[in-house]
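Me: I have a structure open beside its sequence and would like to learn how to read it. Could you take me through some features, one at a time?

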Amino acid sequence: MRFFMSHSHTALKLSQIMVSYGAMRAVNGVDLETHSGELVALLGPSGCGKTTLLRVIAGFTRCDSGTVLLGNQDITALPPELRRMGMVFQNYALFPHLSVEANIAYGLKAHGASRDEATRKTREMLEVVRMAGFGARLPRELSGGQQQRVALARALAISPRLLLLDEPLGALDKNLREEMQSELLRIQRELGITTLMVTHDQEEAMSMADRIAVLNKGSIMQLGTPSEIYDAPQNEFVSSFMGSSTVLDGQLTRLAQDRWRMQMPSGVHFEFHCIGPCTRNGPARLALRPEQLELSDVGEAAQVVSARPMGQITRLQVRVRDGTLLHLSAERSAHSDHLAAGTAVQVRVRPQAHCSVFVPPVVAQ
Ligand SMILES: Nc1ncnc2c1ncn2[C@@H]1O[C@H](COP(=O)(O)OP(=O)(O)OP(=O)(O)O)[C@@H](O)[C@H]1O
């Protein structure tokens with residue numbers, strides 16, 4: 001009867017997970033705790049260990065050390081079939097010769113559901129993913145998005161304690177992908193099921209996740225809400241991975257309580273407010289996002305390299321006098337749309353912007 005339980009709101013806790021393949025460490029001491037019912041995105045570049053971490057949680061890959069807790073249960077050594085987790089992969093992985101209904105019922109029967117239970121639950125899941133009426137079709141008779149709905153229905157049918165998604169929308173084109181993002185979110189919210197989703201798409205993570213874990217080289221670089229990750233990156237990796245920024249090396253000087261000046265060796269300088277508990281005079285790196293810069297009557301002299309109207313904004317590239325290229329996004333205007341290459345302008349950090357500064361670690365002599 002366990003199939004008729006509501007989806008449990010179970011939290012996951014990973015402690016010091018290590019996985020190596022030979023000499024290569026794929027996951028390097030990961031700690032991660034989810035709240036029950038939240039959607040956490042595992043975001044990072046190719047090869048950073050996202051899938052390996054998901055496989056450790058599912059039980060397909062053994063970790064060399066560390067523990068996996070689900071609720072209060074230590075499941076580190078539990079085989080995958082006893083973990084009751086729902087998984088969806090990028091490539092659908094539906095059985096091609098089975099109908100939609102049979103695909104969904106397959107896992108239910110494998111978990112010991114009777115035929116009647118399986119039929120009832122399968123119909124219910126088809127309703128949840130808005131595919132009622134498609135039960136008799138074969139996977140090849142469905143679009144990519146529909147196949148992914150069926151894969152999701154199949155994963156959810158066993159009332160999993162955790163939903164694991166590995167690039168679930170990676171094979172879909174942009175429009176369908178966006179539609180499926182909100183659909184997936186609706187279902188996840190409706191069922192209140194704790195979900196981990198692997199993605200390398202920053203926008204997808206930003207628009208869907210309650211919290212994002214940014215991974216690099218097997219370690220979590222930062223865990224936080226989308227706005228914490230974007231607005232207050234804790235290190236240079238997160239700052240450059242989330243959205244684009246231009247990084248300037250120079251000397252940092254405090255001008256006032258929360259006002260700083262960054263001067264590059266050429267003398268080019270910018271004044272700005274700093275994010276968070278900033279920092280000390282001396283060598284530093286300033287990360288400037290396109291939306292933090294503006295053309296103005298005061299500021300560093302620069303030349304326009306290119307101006308491209310893109311929907312609501314114009315993307316500008318300007319070069320300051322030491323050759324540094326800066327990226328700006330300006331609100332569309334007749335002026336910004338018609339800035340020719342070579343036009344002399346002035347550029348500054350927007351007065352209200354708060355920028356990230358990273359101080360190189362002090363090297364002991
Ligand atoms: N079975 C394996 N044997 C050896 N090395 C592996 C194995 N699986 C993964 N790796 C390596 O471990 C590292 C992490 O791989 P993983 O698939 O977890 O990365 P990922 O972040 O999911 O990448 P992608 O976004 O490209 O799927 C990579 O360097 C990969 O080559």
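This is a predicted model: local features need pLDDT of at least 70, side-chain atom pairs count only at pLDDT 80 or more; totals for chains, interfaces and linings use all residues.

Me: Thanks! Which residues surround the ligand?

Reply: A residue is near a molecule if its C-beta atom, placed from the backbone, lies within 6 Å of it. Here the shell consists of Tyr21, Met24, Ala26, Gly44, Ser46, Gly47, Cys48, Gly49, Lys50, Thr51, Thr52 and His200. Strand E2 (24-33) and helix H1 (50-58) are the elements that give two or more residues to it, and H1 gives the most, with three residues. Those labels are DSSP runs numbered from the N terminus: helices are H or I with at least four residues, strands E with at least two.

Me: How many residues of each class are in that shell?

Reply: Ala, Val, Leu, Ile, Met, Phe, Trp, Tyr, Cys and Pro count as nonpolar, Asp, Glu, Lys and Arg as charged, and the others, Gly among them, as polar. On that scheme the ligand has four nonpolar, seven polar and one charged residues around it.

Me: Now the strands. Which way do E15 and E18 run?

Reply: Strands of a sheet pair through backbone hydrogen bonds, either parallel or antiparallel. We call two strands paired if DSSP finds at least two bridges between them. Strand E15 (residues 293-310) and strand E18 (residues 344-349) run antiparallel, joined by seven bridges; Ala301, for instance, has Gln346 in E18 as its bridge partner. The hairpin of E15 and E16 has two residues between the strands, and Gly311 takes a positive phi near 65° in it.

Me: Which strands make up the closed barrel?

Reply: Five strands do, in the order E11-E12-E13-E19-E14, with mixed pairing. Within this arrangement, strand E13 (residues 269-274) and strand E19 (residues 354-358) pair in the parallel sense over two bridges, with His273 partnered by His354 of E19.

Me: And the cores: how many residues does the largest nonpolar core have?

Reply: A residue is buried if 20 or more other C-beta atoms, placed from the backbone, lie within 10 Å of its own, exposed if 12 or fewer, and partly exposed in between. A nonpolar core joins buried Ala, Val, Leu, Ile, Met, Phe, Trp, Tyr and Cys residues through C-beta atoms within 7 Å. The largest one here has 67 residues, and Ala41, Leu42, Ala153, Leu164, Ala213 and Val214 have the most contacts inside it. Helix H4 (residues 144-157) supplies the largest share, seven residues. A second, separate core of 24 residues includes Met262, Ala287, Leu288 and Val304.

Me: Is Gln148 buried or exposed?

Reply: Gln148, which lies in helix H4, is buried because 29 other C-beta atoms are within 10 Å. Its C-alpha atom is 7.4 Å from that of Pro168, 20 residues apart along the chain.

Me: Why does Ala287 count as buried?

Reply: Ala287 is buried because it has 21 C-beta neighbours inside 10 Å. This residue lies in strand E14 (residues 282-288). Its C-alpha atom and that of Glu101, 186 residues apart along the chain, are separated by 52 Å.

Technical notes
Residues are numbered from 1 along each chain as its sequence is written.
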